Amino acid sequence: MARYVLRRALQSLYAVLMLLLIVFAMTRLTGDPTNQYLPLSASPQARADFAALHGFNDPYYVQFIRYVSDLAHGDFGQSLFKQRPAMEVALEAFPITLTLAFFTMSIALVLSIVLGSLAAMRPNGRFDRMISPLTIFTASAPTFWVALVAIFVFAMMLGWVPTSGMGTPAHWILPVCVLVLTPLGVLTQVVRSSMVSSLSAPYAKTALAKGASDARVVFVHALRNSLLPLITIAGVQATGLVNGAVVIETIFGFPGIGKVMIDSIRDRDFSLTIACILLAAVVVYAMNVAIDIMYARLDPRVQIGGEARR
Amino acid sequence: MRPMLGRLVHDKVALVAALYLLAVVVVALVAPLIVDASLMRSNLRLRHLPPLHVDHGWWYVLGGDALGRSMLARLVVAARTTLAISFATVALSLVIGAAIGLVAGLSNAWWSTAIMRAIDVLMSIPSLLLAMVVLFVIGASPLVVVMILTVTRIPIFARTARSQALEIRERPFVSASRVMGASSLHLLVRHMAPLALPTLFAVAALEFAQVMLAESTLTFLGIGVQPPDVTWGLMVSDGQRYLATAWWSALWPGLVIASIALAATILGNWFQVANDPVLRARSARKSRAPAVESKVASNA
Amino acid sequence: MLSKTPLLEIDNLVVDFETPGGMFNAVRGISLCLEQGGSHAIIGESGSGKSVTASAIMSLIDTPPGHVRGGDIRFQGHSILSMPRAERRRLYGRHIAMVFQDPAAHLNPVYPVGWQIAEVCRIHGRPASEAKRSAIALMDRVGIGDAARRYHAFPHQFSGGQRQRIMIAMAMALRPELLIADEPTTALDVTVQAQILELIRELQQENGSALLLITHDLGVAADIARTVSVMRRGEFVEEGTVADVFGAPRHSYTRKLLEGRTSSRPQVTTADAELLLDVKDVSIDYGAVRAVSDVSLQLRHNEVLCVVGESGSGKSTIANAILRLREITSGSICYRGADIHKLGRAELGAYHRAVQAVFQDPFGSLNPRMSVFDIICEPWSIQRSVLPKGEWRQRSVELMESVGLTAGDLGKYPSEFSGGQRQRIAIARALALQSEIIVCDEAVSALDMTVQGQIISLLQEVRARMGVALLFITHDLTLVRNFADRVIVMKAGAIVEQGSTEDVFSNPKHGYTRTLLAACPVPDPVVQRERRDAAKRASGGHPAARASARGA
């Protein structure tokens with residue numbers, strides 16, 4: 001197990017390095033790198049000084065190595081706007097996003113299992129015909145728009161919850177509810193269709209032949225098999241959750257990684273942008289490793305370290 | 001082809017979705033003909049005109065925006081840009097991704113595994129982050145948006161194509177072709193591609209929805225398409241400021257995005273079920289007990 | 001006089017299925033009486049309705065699209081169909097149990113096997129600890145060695161035979177009065193089949209259970225059952241004791257089933273015929289496993305050579321190597337003296353023209369999106385030099401007619417044909433390049449018995465008319481007797497016996513060949529009983545359990 005985690009960590013590291021390479025290539029190879037770091041109004045002399053200071057005139061591979069080693073040492077440079085180390089700013093914002101993502105994913109997983117199973121027990125029945133359109137809708141509605149509509153209806157018109165900001169638990173209700181919709185929609189569909197498959201599998205027949213009740217067939221036999229595809233897709237949704245978090249934080253004014261990232265882009269605060277992006281990517285990779293491990297524990301056919309499910 | 005159309009007519013929901021999409025595309029195509037330039041100029045008298053009044057003509061039935069322009073007209077014009085970006089992205093990523101995936105699935109060479117690994121890495125980077133970096137550095141324009149969105153969508157097509165190829169190549173008729181002396185090219189063109197295409201098209205429909213949403217999100221956040229180009233996402237972003245007073249500025253564009261994404265998703269799902277006889281039979285069944293499939297033996 | 005209530009009574013059962021093509025009458029009014037402790041077999045091919053009948057007794061029919069339209073099923077006098085569901089659930093597992101055909105799919109892959117066996121006990125009210133003890137004892141009884149430890153193992157960690165033993169343990173756990181076995185041995189090797197049948201019989205006698213066996217194999221029925229019904233298209237066409245029905249069949253369908261699949265005398269090829277294929281000391285490794293070791297065989301012009309073996313024998317592997325679908329690790333395969341792995345491009349093309357194949361799965365052998373015409377012409381589109389395009393249409397018609405299909409079929413798609421017809425199309429395709437050798441890899445194994453006979457006849461005809469040699473791979477020894485010129489028996493990657501059909505069948509030299517011949521059940525209950533007694537004398541005690549300890 002430990003070897004497996006290490007191997008996956010290395011794979012993720014490889015992915016993070018790739019991202020770094022892309023970022024690096026983007027900045028160095030597309031015009032004057034000082035544009036990224038200095039305000040647009042900086043004079044040519046200031047630029048030349050800055051370039052000399054930071055070694056922008058050195059060969060590319062030297063720059064890349066220095067860049068990576070700086071990052072490895074935690075040196076992401078200074079955030080221009082905040083006048084503080086970029087990573088420090090990013091790490092402050094990190095727990096908020098993490099909490100948001102954690103709550104949302106947990107709710108989405110639990111609810112999707114319940115709703116999907118109920119829908120699958122009577123395919124094309126009343127509950128299913130209610131749920132299925134809803135899940136398609138939530139899976140395809142743009143998060144930013146739903147957020148605005150929700151704010152308009154529940155905050156502005158009905159006044160049930162505050163419109164934006166963080167602070168009280170009440171401030172979290174709307175953001176979480178909106179963010180959960182897309183993963184909930186997708187995951188419910190996954191649970192439903194894999195439950196329908198499991199329920200018509202031969203081993204479900206065997207259970208019935210043993211005298212099992214419907215509840216037992218659904219929740220003991222079918223569900224366990226359906227958790228596997230659910231977890232796979234949950235991993236993909238985790239990646240998308242970061243995208244959604246960016247939007248939600250921006251609209252609701254949560255000072256999480258997403259909002260910091262967008263602001264830093266607007267302010268052309270490059271170091272901060274990079275710090276945020278890398279932190280977000282690390283979160284995603286960590287979530288995926290956790291999911292892989294969960295999957296391996298649930299499916300006895302998968303050897304830890306095998307590629308059985310790809 | 002004809003049985004598919006027949007099935008489409010049968011499924012009312014999918015039919016409505018398909019017709020709706022068709023209508024939108026037509027409107028986008030004829031936009032320059034029907035939208036008069038005057039509608040796109042600022043008309044400060046009509047700024048924030050509420051909707052559902054026809055005193056100023058049919059074009060203002062959806063209201064006026066912050067600069068007094070007709071919401072409806074702007075929606076129609078934005079349709080061109082949004083749909084063009086989305087179609088181009090999907091088409092490009094379909095072709096490139098399918099080619100990569102099919103070849104990787106058929107061959108056992110080391111480079112095909114390497115490519116798929118690279119694809120996996122690409123897939124695990126949150127697309128929004130990647131897009132933000134690129135657009136930030138290179139600068140946003142519809143072309144760049146198409147390029148970066150294409151890059152983020154290629155993995156899905158490549159993965160789907162590859163898993164299709166892996167499954168198809170195990171089938172005896174592929175072995176039979178090999179025994180006849182078929183080249184890999186023959187296998188790809190004659191067997192793999194035709195059998196994989198239906199699934200790929202289904203994925204393309206779903207991806208169309210996702211691409212539209214991604215583009216809108218990027219533009220909404222201010223890092224996508226910039227004025228004077230206009231997309232629906234941009235319209236929502238413009239309208240956000242006036243949410244409390246002129247809610248329609250943000251509502252209509254978002255509604256259009258949502259409805260088109262919905263229609264595309266419905267159509268994609270339908271396409272997937274319509275193509276697979278097993279899924280077709282299953283979806284037609286309505287069971288009371290936990291569904292248990294009996295074998296209905298066909299004639300020997 | 002108190003009349004004894006039969007254990008199971010099926011009274012004029014009628015079951016329909018809604019299909020896109022209309023209402024399909026799966027079962028059209030059958031009646032059956034099974035006494036306590038009796039054993040009855042329902043024999044039929046696919047589409048006969050025999051499995052639907054079993055499903056109806058177990059309430060496993062999906063409703064819709066299936067509907068029980070009429071009749072009744074009574075167990076110990078009580079109507080199952082009118083019972084409320086909760087009451088029915090008390091019966092299943094406890095008084096009526098079922099063993100299914102494909103144990104791999106019928107066991108839940110994510111739970112340990114012992115847990116699944118114990119589940120039957122738990123469902124019917126036994127405490128968990130007692131259930132676990134029973135499960136371990138049962139696993140031991142059915143011959144799973146080291147039962148206490150293997151209780152925690154998962155289905156994928158067992159062989160096919162062992163999985164079926166587990167299913168049997170699950171079924172017999174609560175000593176049900178009625179055991180229904182739906183094709184219990186069809187997915188298994190023939191030697192394992194014999195052991196599983198023996199196990200079922202032993203358990204049945206120990207517990208005094210009645211057995212309802214569903215099968216297409218007459219030999220299996222003769223081995224286990226006392227009474228038999230022959231089912232065809234939803235109706236019983238003949239019923240009676242095994243001795244009566246098999247000894248003196250009255251209905252033409254029964255006679256056709258008993259006739260067997262091959263009836264004509266084989267053509268005898270002299271040893272002087274031209275040597276086409278010379279396989280010398282070929283070994284094939286599959287990773288760390290040696291799938292084929294030092295196999296040598298020869299195929300002559302117009303000869304029918306059958307390679308017989310069970311799963312894991314390597315027969316398909318060597319066939320794939322001959323077809324160049326698989327690499328060999330050592331040795332050589334020569335066609336007309338030339339090593340096929342050292343051929344230049346043009347010679348390789350010639351080899352592909354000379355050797356063609358027909359595979360096992362009729363549904364996977366044809367591309368569902370290609371018309372039959374395209375399928376038949378594909379060889380010519382790959383090997384352009386064989387036939388100019390202008391003649392494709394005419395030649396394809398000739399080929400279709402030579403396999404018993406018509407020119408009108410050329411425009412259709414594979415989904416419009418039955419399994420047997422699809423194999424005919426596959427054979428036509430294999431003949432398109434006027435090959436010298438056709439490799440048939442289990443080409444009839446997936447077809448119904450009567451259809452198998454038709455396809456074998458077709459192959460014999462093709463061989464006689466077109467002078468092709470056939471390399472016929474099969475696991476079914478009984479198929480081979482009237483069909484092959486020479487036979488090769490393989491086991492665990494090696495050849496254990498080789499010779500003319502007559503020699504191998506009347507005078508088998510290797511023990512495994514003898515076992516194989518003895519294990520194939522024949523539709524003669526007397527012969528079967530004699531074989532069983534002989535086997536028991538040879539091994540003494542529980543042959544079924546002992547064999548499993550070896551991992552069968």
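How many of the residues of helix H1 (residues 50-57) of chain C are buried? I looked this up first, keeping the ground rules beside me.

**Ground rules.** I am reading a predicted model, where local features need pLDDT of at least 70, side-chain atom pairs count only at pLDDT 80 or more, and totals for chains, interfaces and linings use all residues. Residues are numbered from 1 along each chain as its sequence is written, while chains are lettered from A and ligands numbered from 1 in the order in which they are written.

**Helix H1 of chain C.** I found 8 of its 8 residues buried (20 or more other C-beta atoms within 10 Å of a residue's own, with C-beta atoms placed from the backbone). Among them are Lys50(C), Val52(C) and Ile57(C). Helices here are DSSP runs of H or I with at least four residues, strands are E runs of at least two, and both are numbered from the N terminus. Just after H1(C), I noted a positive phi of about 55 degrees at Ser59(C).

**Helix H12 of chain C.** I turned to residues 315-322 and again found 8 of 8 buried, including Lys315(C) and Asn320(C).

**Gly93(C).** I located Gly93(C) in the loop between helix H2 (85-91) and strand E6 (96-99) of chain C. Gly93(C) counts as buried because it has 26 C-beta neighbours inside 10 Å. Beyond its neighbours within four places in sequence, its contacts (C-beta atoms within 7 Å) include Lys210(A) and His124(C).

**Chains A and B.** I saw 45 residues of chain B in contact with 51 residues of chain A. Helix H4 (110-124) of chain B is one of the helices that supply at least two residues to that side.

Note on methods
Buried ≥ 20, exposed ≤ 12 C-beta atoms within 10 Å, placed from the backbone. Contact = placed C-beta atoms within 7 Å.
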